[in-house]
Amino acid sequence: MRKTLLILSFGLLFLGCTSKNKTEKNLTANAIHSKIYKAINTNYLDEADNLFLTLEAEHPGSIYIKTDLMSLYLAHLKNEDYELAKFYLDQYEKRFASLEEIPWCEYQKIKIDFLSYQNAYTNQGKVLKIINKCKEYKTKFPNSRYLYEVNTIYLKALLTNKYLDDKIYKLYKNEGKKAALEYKTNIPKNSKPPKVPWYKKIFYW
């Protein structure tokens, strides 16, 4: 996935260097757009990515680029290709989003970060990053219609971080480390810890 993302990023930055499939040369923007639509519907997302690069290279002013960016974002999100989904969404926001759409785009980015955090009790930095992004969102878009959703993610991330702190506290305390006190926290009553699949539990404390 990372390799595909890098190739896609460089392709968009250096369109003049993009190598094109002979069968895709000289196609109209509408023809390429139709191929992208078909590739997405049949879940051939790698093909859709490559076709989009061709569309960008051969028809940089096409009206279909905006539509296809959003379609590719939604397709990769559904397929849980979170890095690529976020990449397409970021491109859409930078190039086409209206002022009314920006709060939605920023909320979607936070949601992607939260959905991609799948390893409970690891990578505390990512949890803290989600928390900070939620804080920034609430400050920047206090009247957003997506504030409830962002607050929900914020509270879940805070709770996840508390359980992570508690794990670190217990580990450090058992090892007699003074740093344990820095992680001491109060877990809310009736709350439930993050779920960890049984096959992953052996890798946690």
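Student: Is E80 buried, partly exposed or exposed?

Tutor: In this predicted model, E80 is partly exposed, because its relative accessible area is 49%, which falls between the 20% and 50% limits. The residue sits in the loop between helix 4 and helix 5.

Student: What is the phi of E80?

Tutor: Phi of E80 is near 60°, a positive value, and E80 is a residue other than glycine.

Student: How far is E80 from S116 in space?

Tutor: The C-alpha atoms of E80 and S116 are 8.0 Å apart, although 36 residues separate the two in sequence.

Student: And N43, where is that one?

Tutor: N43 belongs to the loop between helix 2 and helix 3. N43 is not a glycine, yet its phi is positive, at about 65°. N43 counts as partly exposed because its relative accessibility is 47%.

Student: Let us step back. How many helices and strands does the protein have?

Tutor: There are 8 helices and 0 strands. Along the sequence the pattern reads α-α-α-α-α-α-α-α.

Student: How much of the protein is buried?

Tutor: Of its 205 residues, 39% count as buried. The accessible surface is about 13100 Å², and carbon and sulfur atoms account for 54% of that surface.

Student: What share of the contacts joins residues at least 24 apart?

Tutor: That share is 62%, taken among contacts between residues at least 6 apart in sequence.

Student: Is K109 buried or exposed?

Tutor: K109 is buried, because its relative accessible area of 12% is under the 20% limit. K109 is placed in helix 6.

Student: Which residues are in contact with K109?

Tutor: Leaving aside neighbours within four places in sequence, K109 is in contact with K86, L89, D90 and E93. For K109 and D90, the C-alpha to C-alpha distance is 8.3 Å and the sequence separation is 19 residues.

Student: What about H33, buried or exposed?

Tutor: H33 is buried, because its relative accessible area is 16%, again under 20%. H33 lies in helix 2. When neighbours within four places in sequence are left aside, H33 is in contact with Y64, T67 and D68.

Student: Turning to cysteines, how many disulfides are there?

Tutor: The count comes to 0 disulfides, judged by whether cysteine sulfur atoms lie within 2.5 Å.

Student: Are C105 and C134 buried or exposed?

Tutor: C105 is buried, with a relative accessible area of 0%. C134 is buried, with a relative accessible area of 0% as well.

Student: A last topic: the second largest pocket. How much space lies in it?

Tutor: The second largest pocket has about 220 Å³ of space. Of the 12 residues that line this pocket, E83, K86, D113, S116 and K126 are the closest to its centre.

Student: Which helix provides the largest share of that lining?

Tutor: Helix 7 provides the largest share of the lining of the second largest pocket, with 4 residues. Helix 5, helix 6 and helix 7 (124-140) each supply at least two residues of this lining.

Note on methods: Residues are numbered from 1 along each chain as its sequence is written. This is a predicted model: local features need pLDDT of at least 70, side-chain atom pairs count only at pLDDT 80 or more; totals for chains, interfaces and linings use all residues. Side-chain values use heavy atoms; hydrogens and water are left out. Buried means under 20% relative accessible area, exposed over 50%, partly exposed in between (1.4 Å probe, protein chains only). Contact means heavy atoms within 4.5 Å. Accessible areas come from the Shrake-Rupley method with a 1.4 Å probe; for residues, only the protein chains shown count as cover. On a 1 Å grid over the protein atoms alone, a cavity is a set of points where a 1.4 Å probe fits but cannot get out, and a pocket is an open set with protein on both sides within 12 Å along at least five of seven lines; lining residues have an atom within 4 Å of a point. Grid points are joined across faces, edges and corners, and a volume is the space filled by probe spheres set on the points.
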